[in-house]
Amino acid sequence: MSEDKREMVDEQDDGQVKESRRDFLKKMGVAAAATAAAPAATAKAVSIAEALQGHFELMSDEQKQKAIARLEERYSEQFSKQTTVANTPAPDGVLFGYALNISKCIGCRRCVEACVRENNQSRDPAIQWIRVLRMEKGNVTFDAKDLNAGKPSSSSLGDHGIQSGGHAGKPVGISGYTDHYYEPEQVPEDNAFYFPVQCQQCEKPACVKACPVRATYRDPNGIVVIDYNWCIGCRMCQLACPYWARRFNWGEPVLPSEEMNPKTHYLGNRPRPRGVMEKCTFCLQRVRDGRYPACVEACPVGARKFGNLLDPESEVRKVLATKQVFRFKEEFNTDPKFFYYMD
Amino acid sequence: MSNYMRAGVFYGLFVLLAGGVMLQNEATAEEGKSDAAPAQDKAGAASVECYESIKDSTNLTKVENANPKFGYPNVKCSPTTGAVLWYGDPYTDTVPMGEMPKFGDETDGDFAQAVIRSRTKHFKTTMQCSGCHPGTAQAAAPPNEPRQLQMHQDIISDASKLQHGRGAIWCLDCHNAANRDTLVDRRKNEVSFDESYKLCGSCHGDTYSKWRIGLHGKRTGEWKVGGKKRWWTCTECHNPHTIQEHRFNPVKPEPPPALPRGMSSSETSSKHE
């Protein structure tokens, strides 16, 4: 009764007959079943078959082919250009490793931008897989003043208070400030060095242990990959990662068609939907084809080295053999295959 | 004032004294090497100049649709700084590196598939050094005393204070007085501008051998040992005229990432002291 009245009101207001709410809800019910996961904005909706497909590693070759064909069709329509989704297998006898010379890095952020162009990250909200930290030289101090920062003032217990000093904004022993958002006229700056951080491709990855559905796993070359279709978006891996290497698609990714890289790999840089995790894959779509990762090619000072850790002649192995090398947050026993070194 | 104008007019004639500085500005002319360089004939009217490591020096022309299969340009450049960020074709505008001396030990590099970007290839289409410096007068009695130059202030603001080698060496220790289109090493061997590593390596031998094995410097192309790689030569990253002031020419950085929502300044976390 009241519904009929409202219908009449609607009609009077716009001078047009609207469909009744009951009809509308009926149609919605049917549509919802068909396009459960479809984002409204995309040209071609995710098909039921894609929404129901299995884990990539457990699919048969035929199923993989079908899944890839579905994706290629959807991406090609969505971005209005011919898009390939490769399934290039991992090469044999290869363990990928990376080395970065922090005494050379000038902090120009070209690696960050190259990565965004190669790997089809969302431009808005902007997702970047590499973060360059600007550290002040003399960042770590053993000065008593800094070591005592944040300590409670002396009490009847003496000067050795309970709190060990420092806080999240300024950890103990850190005299300088680590800046993610530096923007000088020119780099390198005096009194600063730069420390780019990206996925460390751990041999014992905490993120893989944390994933409840094994959507993220280590591939035969040691690269930790994500099946974006299998990811449920719980973000456990993001919490587990000690390197802040993983990025979550909180919003619907916006990727302009003209900036989209149409040469993709299923486990690499294919466009991601909302609600899944993503991260650096050493440019899996490139390195499985033999190319250097995009960040290596972009670095204007040659601070980045990449190669096969199993080949003693590779650049990375030569760095390990001759330079002063360290791993980031070694104490976590994650065994990264990303090495930092100095001249 | 007239000095300034003259410098402008003759700028093109003197850039070659830039020793280490690359000059590849022109968007013209494909001189052979069609296999190494991508289809430059497709370069439209709106050609974009980007730079690799050194601004205004190691320039590269963006070619749209250099890879028709994927619709790639040969390079993608930064809209804010003009720097080359991404290579669709890592071998764009390169030539084979050619013969390298054998070391016969573990520092022997793998040069079979090495390519480099050639400077001399572009000299043919721009003004050559020898156009102004025929080399006859100087070859007889080369001036070997540091002095203020009348020209080339864009390369070295005060040549009498050249600090390469902390003042121990002078222009003509590297530039060939007899043939200004070439360089010359300490043993008076002529060295092509393409092979700066042979000249630089005659003093910086340690760095040179590290460069040969891939420890120093930059490679692009294939990561496999022995794969086709573009080797970046010394002067593509370092400017030998200003090397004492800074190892790399300072550049403008790419823009910083967006601040987290609700954060007005990156300084916020440090304010909790």
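Which helix of chain B supplies the largest share of the lining of the second largest pocket? The model examined here is predicted, with local features needing pLDDT of at least 70, side-chain atom pairs counting only at pLDDT 80 or more, and totals for chains, interfaces and linings using all residues. Residues are numbered from 1 along each chain as its sequence is written, chains are lettered from A and ligands numbered from 1 in the order in which they are written, and side-chain values use heavy atoms, with hydrogens and water left out.

The opening question is settled by helix 6, which gives four residues to the lining. Helices (H or I, at least four residues) and strands (E, at least two) are DSSP runs numbered from the N terminus. In chain B, helix 5 (171–174), helix 6 (196–200), helix 7 (205–213) and helix 8 (234–237) each contribute at least two lining residues. The second largest pocket itself has a volume of about 1100 Å³. Its lining holds 50 residues, and B:His164, B:Cys200, B:His204, B:Pro240 and B:Ile243 are the closest to the pocket centre. A pocket is defined on a 1 Å grid over the protein atoms alone, as an open set of points where a 1.4 Å probe fits, with protein on both sides within 12 Å along at least five of seven lines; lining residues have an atom within 4 Å of a point. Grid points are joined across faces, edges and corners, and the volume is the space filled by probe spheres set on the points. By residue type, the lining divides into 24 nonpolar, 18 polar and eight charged residues. Here Ala, Val, Leu, Ile, Met, Phe, Trp, Tyr, Cys and Pro count as nonpolar, Asp, Glu, Lys and Arg as charged, and the others, Gly among them, as polar.

Helix 7 of chain B, one of the helices that line this pocket, also has buried residues, namely B:Tyr208, B:Ser209, B:Trp211, B:Arg212 and B:Ile213. Buried means under 20% relative accessible area, exposed over 50%, and partly exposed in between (1.4 Å probe, protein chains only). The cover over these residues includes helix 11 (315–322) of chain A, along with helix 6, strand 9 (219–221) and strand 10 (229–231) of chain B. After helix 7 comes B:Gly214, with a positive phi near 95 degrees.

Of the 343 residues in chain A, 49% are buried; of the 273 residues in chain B, 49% are buried. Contacts (heavy atoms within 4.5 Å) with a separation of 6 or more join residues 24 or more positions apart in 68% of cases in chain A, and the corresponding share in chain B is 59%. Chain A exposes about 16600 Å², with carbon and sulfur atoms supplying 54%, while chain B exposes about 13500 Å², again with 54% from carbon and sulfur. These accessible areas come from the Shrake-Rupley method with a 1.4 Å probe; for residues, only the protein chains shown count as cover.

Several backbone details stand in loops of chain A. The peptide bond from A:Asp124 to A:Pro125 is cis, with omega near 0 degrees, and A:Pro125 sits in the loop between helix 5 (110–119) and strand 3 (131–136). A:Asn333 has a positive phi near 55 degrees, lies between strand 13 (324–326) and strand 14 (338–342), and is exposed at 53% relative accessible area. In chain B, B:Asn65 likewise has a positive phi near 55 degrees, and this residue is partly exposed at 30% relative accessibility.

Confidence is expressed as pLDDT, the predictor's confidence in each residue from 0 to 100. Chain A has a mean of 84, with 78% of its residues at 70 or more. Residues 1–18 of chain A are below 50, and this stretch has ten contacts beyond near neighbours in sequence. In chain B the mean is 77, and 75% of residues reach 70 or more. Residues 5–45 of chain B stay under 50, yet the model gives them 106 contacts beyond four places in sequence.
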